[in-house]
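Look at the sequence and the structure below. This report takes the domains, then the chain contacts.

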6 protein chains.
Amino acid sequence: MSDAKMIEYRDASPEVRAVFDDIKKSRNVPDVNNFWKVLARDPATLKRIWESIKEVMAPGALDPLTKEMIYLAVSVSNGCGYCIASHTAAARKAGMSEAVFGEVMAVTGMANETNRLANGYRVPIDDNLT
Amino acid sequence: MSDAKMIEYRDASPEVRAVFDDIKKSRNVPDVNNFWKVLARDPATLKRIWESIKEVMAPGALDPLTKEMIYLAVSVSNGCGYCIASHTAAARKAGMSEAVFGEVMAVTGMANETNRLANGYRVPIDDNLT
Amino acid sequence: MSDAKMIEYRDASPEVRAVFDDIKKSRNVPDVNNFWKVLARDPATLKRIWESIKEVMAPGALDPLTKEMIYLAVSVSNGCGYCIASHTAAARKAGMSEAVFGEVMAVTGMANETNRLANGYRVPIDDNLT
Amino acid sequence: MSDAKMIEYRDASPEVRAVFDDIKKSRNVPDVNNFWKVLARDPATLKRIWESIKEVMAPGALDPLTKEMIYLAVSVSNGCGYCIASHTAAARKAGMSEAVFGEVMAVTGMANETNRLANGYRVPIDDNLT
Amino acid sequence: MSDAKMIEYRDASPEVRAVFDDIKKSRNVPDVNNFWKVLARDPATLKRIWESIKEVMAPGALDPLTKEMIYLAVSVSNGCGYCIASHTAAARKAGMSEAVFGEVMAVTGMANETNRLANGYRVPIDDNLT
Amino acid sequence: MSDAKMIEYRDASPEVRAVFDDIKKSRNVPDVNNFWKVLARDPATLKRIWESIKEVMAPGALDPLTKEMIYLAVSVSNGCGYCIASHTAAARKAGMSEAVFGEVMAVTGMANETNRLANGYRVPIDDNLT
């Protein structure tokens with residue numbers, strides 16, 4: 001479905017290799033995902049996105065699993081096939097059980113339904129919610 | 001911005017009152033939100049949506065706060081103004097701190113960005129993710 | 001919420017007046033909606049969109065009410081506030097009852113929910129549906 | 001494109017079989033679609049979604065074909081590949097001709113275009129539409 | 001992934017052939033894309049869309065490459081696989097370099113991120129922007 | 001419509017002031033937009049988004065006006081009211097004429113229409129486009 005040109009480590013510039021090395025080390029994986037290999041076509045974007053992801057997904061007030069579930073829910077809502085596949089895997093690696101997966105899907109589906117009911121009925125915001 | 005007709009408890013049919021009563025009891029609130037008052041125009045939808053929400057948002061494998069954060073993230077991603085207002089309030093009531101709110105927004109924004117990068121670069125799904 | 005510059009009939013060029021006249025005649029209304037008054041800022045777009053709308057919304061294999069309900073469902077799903085207001089009015093004018101409105105909303109909400117469940121569970125297309 | 005785990009009737013729990021039996025009987029089909037087989041991984045969601053769909057899609061103020069066309073229009077607008085395939089088939093089974101299909105697509109496309117023109121030109125809602 | 005019925009030139013009606021001929025001549029290509037072959041199932045839509053596209057994409061205040069980049073950015077944002085493939089090709093044919101492609105993707109991604117931050121934080125429009 | 005808490009310069013921490021100062025200097029404006037004042041509630045996000053925006057929107061292979069037009073087109077397509085207001089203003093400041101604005105809107109609308117026609121007709125990707 002795609003002719004996406006991917007850049008492998010062996011063919012990468014030192015700048016790209018530095019990002020790939022940091023991804024592999026941070027995630028403790030032997031190779032980076034295809035997402036990073038295609039972004040490597042634009043080294044500035046590769047570096048910016050990786051640094052943003054690393055900062056945003058780091059443990060903070062929220063734990064990594066919760067962040068991955070939110071990432072997955074948004075990706076499902078947007079219908080991004082690649083992102084659904086990769087973030088389902090990431091969430092499972094972070095501990096998402098089958099029961100939790102089912103609840104993330106149920107909430108995501110429900111939110112999409114009531115979002116449209118609120119739109120269609122043009123619900124005025126409650127005074128105490130403004 | 002809206003001429004949405006809302007049905008107040010005093011004007012509601014017994015069928016609608018039963019749902020309103022259950023919402024007020026389940027959530028321990030003195031009155032239901034505008035969302036429910038407009039849905040009351042269609043009692044079958046009111047009942048179906050409330051029962052679905054009650055089931056989906058009940059504590060399960062996920063706690064209520066996590067569910068509210070996912071609901072909020074999806075509503076933000078979809079740009080539903082009413083839903084953002086009401087689920088921000090619900091998440092705060094369930095314990096969402098300002099720091100957690102900031103992280104939910106950051107993850108939601110980031111997911112929307114990388115969803116499009118994955119679309120635009122037409123990233124093929126990794127063999128180990130299929 | 002908007003500083004949209006609108007062009008009134010009295011200030012319009014002959015080219016714009018011709019479109020406004022055709023809208024008023026076709027719809028049997030004394031004035032055109034704000035949508036057309038803002039599009040009049042770009043006469044070529046005004047003309048193209050009106051001619052397209054006139055062709056697409058004309059009675060054909062589907063009656064005007066069904067077309068308006070589909071238009072409304074899509075506008076609700078996309079969250080376009082102006083379009084929801086104007087196409088709710090248009091559908092009512094074409095005969096949409098309160099009961100029908102409720103069912104259009106219910107179907108629109110349900111479709112948005114199951115669209116995401118199909119995305120999230122990555123359902124393979126059935127052999128007999130390809 | 002998907003490794004979605006599907007649950008076949010022979011491997012299903014009594015709870016899941018009861019839903020599958022009701023789907024098969026209601027729709028007069030020999031087997032359920034893949035959508036239901038994947039949802040069966042979460043029996044509570046399977047049951048809730050089926051009961052909601054059955055209620056929402058039942059003949060009411062609107063006939064089943066009109067409901068299927070609205071479902072299809074929303075699915076097309078959202079770009080859900082599985083849903084487009086399954087609801088195109090369902091609408092055809094309910095009587096959608098090729099001419100009607102063409103008009104549903106034309107209205108869906110047109111609505112998506114004018115939704116964005118209304119957004120971009122920031123059209124203020126007409127006084128008589130509020 | 002699709003059983004889309006396509007109409008080839010040799011099987012097309014004179015009405016459809018006239019549109020195909022105009023596309024081939026305007027774009028200086030030996031055959032039309034699949035998009036036009038499927039739209040040919042509905043000759044009125046085929047003709048309307050082609051005439052609209054021809055008008056909208058013609059050189060005007062904006063050059064063709066800029067228009068193709070905007071078309072691509074919207075298609076990426078909406079996640080339309082076919083449109084991403086065809087408009088990436090069209091933009092390259094119009095002169096989009098790899099560096100420009102990278103910047104279109106970066107802007108598209110960034111806009112999707114900040115759109116959600118503005119939604120989620122419910123930013124009030126600045127007085128000088130209304 | 002919003003109770004968004006905004007942080008003014010006089011109340012900002014040194015970390016936030018540094019970002020505000022850089023925005024004001026880079027854009028040659030006396031004060032930052034509301035968008036930045038709400039993001040200041042989360043200084044890490046404020047800094048990350050500003051640095052990303054500054055990098056992505058800098059002149060490169062594309063000029064600033066073209067980048068602003070793409071940003072606007074995406075924001076219109078997503079229906080983000082705040083973003084439409086602020087990026088229309090930014091594009092005008094960068095030189096967008098009324099004629100160019102009209103063409104950006106026309107292309108954005110058209111892309112949204114054909115995106116859905118491609119979805120609905122399930123157009124297979126041409127062999128020469130893969």
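## Domains and contacts

Chain A is divided into domain 1 (1–58) and domain 2 (61–123). The domain bounds come from an automatic or database domain assignment. The C-alpha centres of these two domains of chain A lie 24 Å apart.

This is a predicted model, where local features need pLDDT of at least 70, side-chain atom pairs count only at pLDDT 80 or more, and totals for chains, interfaces and linings use all residues. Residues are numbered from 1 along each chain as its sequence is written, while chains are lettered from A and ligands numbered from 1 in the order in which they are written.

Now the contacts. Two residues are in contact if their C-beta atoms, placed from the backbone, lie within 7 Å. Chain C brings 54 residues to its contact with chain D, and chain D brings 55 residues. On the chain C side, α6(C) gives the most, with 15 residues. Helices are DSSP runs (H or I, at least four residues), numbered from the N terminus.

| Chain C, touching chain D | α6(C) | 15 residues |

How can chain E be laid on chain F? A turn of 180 degrees and a shift of 0.0 Å along the axis do it, with an RMSD of 0.0 Å. The two copies are therefore related as by a two-fold rotation axis. The superposition uses least squares on the C-alpha atoms of residues with pLDDT of at least 70 in both copies.

Key. Helices (H or I, at least four residues) and strands (E, at least two) are DSSP runs, numbered from the N terminus.
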